[in-house]
Amino acid sequence: MSSEALLTWVDVCSLDELMVDRGVCVLAQGVQVAVFRVSPNDDLYAVSNFDPIGKAFVLSRGIVGSRGDIPKVASPLYKQNFDLRTGACLDDETISIPTYAVRVAEGLVQVGVSTEMTPK
């Protein structure tokens, strides 16, 4: 069974509503997720909105950029950088944030939430 089969896909917004190089916070099955549309290829990323260093739900308001070839978001609080692909903190290898599958289906952005995280 593929890991995608264990996901519940949640519609969170239309692709047209996402501004390039900006984040938006969405609620997917009760989980705060920061979704980013990143230039130059309009790649989509979804990570936890919770900054584990600043202890606040703020990553969707972070500064999007790159470190070399790594797409990243810098927390608006203490400026730690997180890899949008893996969730790894680029400034402290002991810290990471959850990442989520994200896709576009019929013009809608969908976030994949693990069925284990889905409220029962």
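Visitor: Leaving aside its neighbours within four places in sequence, which residues is Ser75 in contact with?

Guide: This is a predicted model, in which local features need pLDDT of at least 70 and side-chain atom pairs count only at pLDDT 80 or more, while totals for chains, interfaces and linings use all residues. Residues are numbered from 1 along each chain as its sequence is written, and side-chain values use heavy atoms, with hydrogens and water left out. Ser75 sits in the loop between strand E8 (70-74) and E9, where strands (E, at least two residues) and helices (H or I, at least four) are DSSP runs numbered from the N terminus. With contact meaning heavy atoms within 4.5 Å, the partners of Ser75 beyond four places in sequence are Asp51, Val58, Leu59 and Gln80.

Visitor: Is Ser75 buried or exposed?

Guide: The classes rest on relative accessible area, with buried under 20%, exposed over 50% and partly exposed in between (1.4 Å probe, protein chains only). The side chain of Ser75 reaches the backbone nitrogen of Leu77 at 3.2 Å, and the C-alpha atoms of Ser75 and Asp51 are 6.9 Å apart in space although the two residues are 24 apart in sequence. Ser75 has a relative accessibility of 0%, and therefore counts as buried.

Visitor: How many disulfides does a search of the whole structure find?

Guide: A disulfide is taken as a pair of cysteine sulfur atoms within 2.5 Å. The sulfur of Cys25 has its closest cysteine sulfur in Cys13, 11 Å away, which is too far for a bond. The number of disulfides found in the whole structure is zero.

Visitor: How many residues apart in sequence are the parts that the pair of Asp91 and Arg67 ties together?

Guide: The side chains of Asp91 and Arg67 form a salt bridge at 3.0 Å, N to O. Asp91 lies in the loop between strand E9 (81-83) and strand E10 (99-105), and Arg67 belongs to strand E7 (residues 63-67), so the parts tied together are separated in sequence by 24 residues.

Visitor: In the salt bridge of Asp83 and Arg85, what is the distance from N to O?

Guide: Asp83 is buried at 4% relative accessibility, whereas Arg85 is partly exposed at 44%. The side chains of Asp83 and Arg85 meet with an N to O distance of 3.0 Å.

Visitor: What radius of gyration does the protein chain have?

Guide: The secondary structure comes to zero helices and eleven strands, and the C-alpha trace spans about 35 × 30 × 25 Å along its principal axes. The radius of gyration is taken over C-alpha atoms, and the globule rule is 2.2 Å times the number of residues to the power 0.38. For 120 residues, a compact globule would have a value near 14 Å, and the protein chain agrees with this, at 14 Å.

Key:
Salt bridge = Lys/Arg side-chain N within 4 Å of Asp/Glu carboxyl O. Polar contact = N/O pair within 3.5 Å; in protein donor to acceptor, adjacent residues only side chain to side chain.
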